[in-house]
Amino acid sequence: MNLTGNRPPGLLPARSQYMAMDITRLRQFVDVPIRNSSFTWNYIMTNGTLAAQRFLTAATQLCPEHVEALSRELWLRLWSKGVEIHTNEAFLDIAKRIGMKTELVEELCVRSKSDEIKRRLKETTQEAVDLGAFGLPCMEVTPPTTGKPQLFFGSDRLELLAHVMGFPWKGPQPHLRGKL
């Protein structure tokens with residue numbers, strides 16, 4: 001956020017109130033167990049997610065096959081369970097849930113504090129900013145029809161992203177789709 005001058009949505013009072021209501025609707029729509037708790041917002045403002053980002057950066061280098069599962073578990077831990085995600089104990093707990101070996105997690109914890117990982121995360125962040133990213137989720141895709149990369153911001157843009165890529169959009173719960 002510092003690189004782009006962006007501010008967290010929770011710092012804007014009207015946006016903060018809207019997000020509380022919108023998260024409830026989103027939870028029902030996508031059937032994802034999102035908790036709208038003051039813990040999560042306070043945690044993000046107090047602790048941030050830098051330690052988790054560094055942990056994932058280390059995992060990207062050392063064990064890329066685990067990055068998706070680690071990312072999901074970190075997200076669920078913070079947004080569904082309302083539990084911290086910045087300590088080695090949290091990383092060990094998450095990794096056990098996905099079947100990683102303790103030794104590998106300990107190595108990731110050490111590496112996540114290294115200058116190499118800090119530098120790589122800064123580079124990756126700068127690459128995203130250079131593409132036009134100003135927040136998350138942000139996705140760059142290259143449609144086969146144009147061959148030119150396009151940037152999409154927000155999970156509410158998945159339908160548009162699918163359209164641009166030429167994929168059918170069935171929504172988050174296609175089995176519940178009504179007929180209009």
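**A guided look at a predicted chain**

The chain has 8 helices and 2 strands, helices being DSSP runs of H or I with at least four residues and strands runs of E with at least two, numbered from the N terminus. This is a predicted model, in which local features need pLDDT of at least 70 and side-chain atom pairs count only at pLDDT 80 or more, while totals for chains, interfaces and linings use all residues. Residues are numbered from 1 along each chain as its sequence is written, and side-chain values use heavy atoms, with hydrogens and water left out.

Visitor: Welcome me in: in what order do the elements of the chain run from the N terminus on?

Guide: Happy to! The C-alpha trace spans about 55 × 40 × 35 Å along its principal axes. From the N terminus on, the order is α-α-α-α-α-α-α-β-β-α.

Visitor: Are H3 and H4 roughly parallel or antiparallel?

Guide: The axes of H3 (residues 50-62) and H4 (residues 67-80) come within 10 Å and cross at roughly 165°. Those axes are lines fitted to C-alpha atoms over the stretch in contact, with angles from 0 to 180 degrees between N-to-C directions. Angles under 35 degrees count as roughly parallel, over 145 as roughly antiparallel, 65 to 115 as roughly perpendicular and the rest as oblique. The crossing therefore makes H3, relative to H4, roughly antiparallel.

Visitor: Which residues of H4 make the contact with H3?

Guide: Contact means heavy atoms within 4.5 Å. On the H3 side, Ala52, Phe55, Leu56, Ala59 and Thr60 take part. Their partners on H4 are Val67, Leu70, Ser71 and Leu74.

Visitor: Is Arg54 buried, partly exposed or exposed?

Guide: Arg54 sits in helix H3 and, leaving aside its neighbours within four places in sequence, is in contact with Ser112, Ile117, Lys118 and Leu121. Buried means under 20% relative accessible area, exposed over 50%, and partly exposed in between (1.4 Å probe, protein chains only). Because its relative accessibility is 22%, Arg54 counts as partly exposed.

Visitor: Within what arc do the buried residues of H5 fall?

Guide: In H5 (residues 88-97), Ala90, Phe91, Ile94 and Ala95 are buried. An α-helix has 3.6 residues a turn, so residues three or four places apart point the same way. The arc is taken from the directions between the helix axis and the C-beta atoms. The buried residues of H5 line one face of the helix because, seen down its axis, they fall within 130°.

Visitor: Which exposed residues does the face of H5 turned away from its buried side carry?

Guide: The buried residues of H5 have a cover that includes H3, H4 and helix H6 (102-111). The face turned away from them carries the exposed Glu89 and Lys96.
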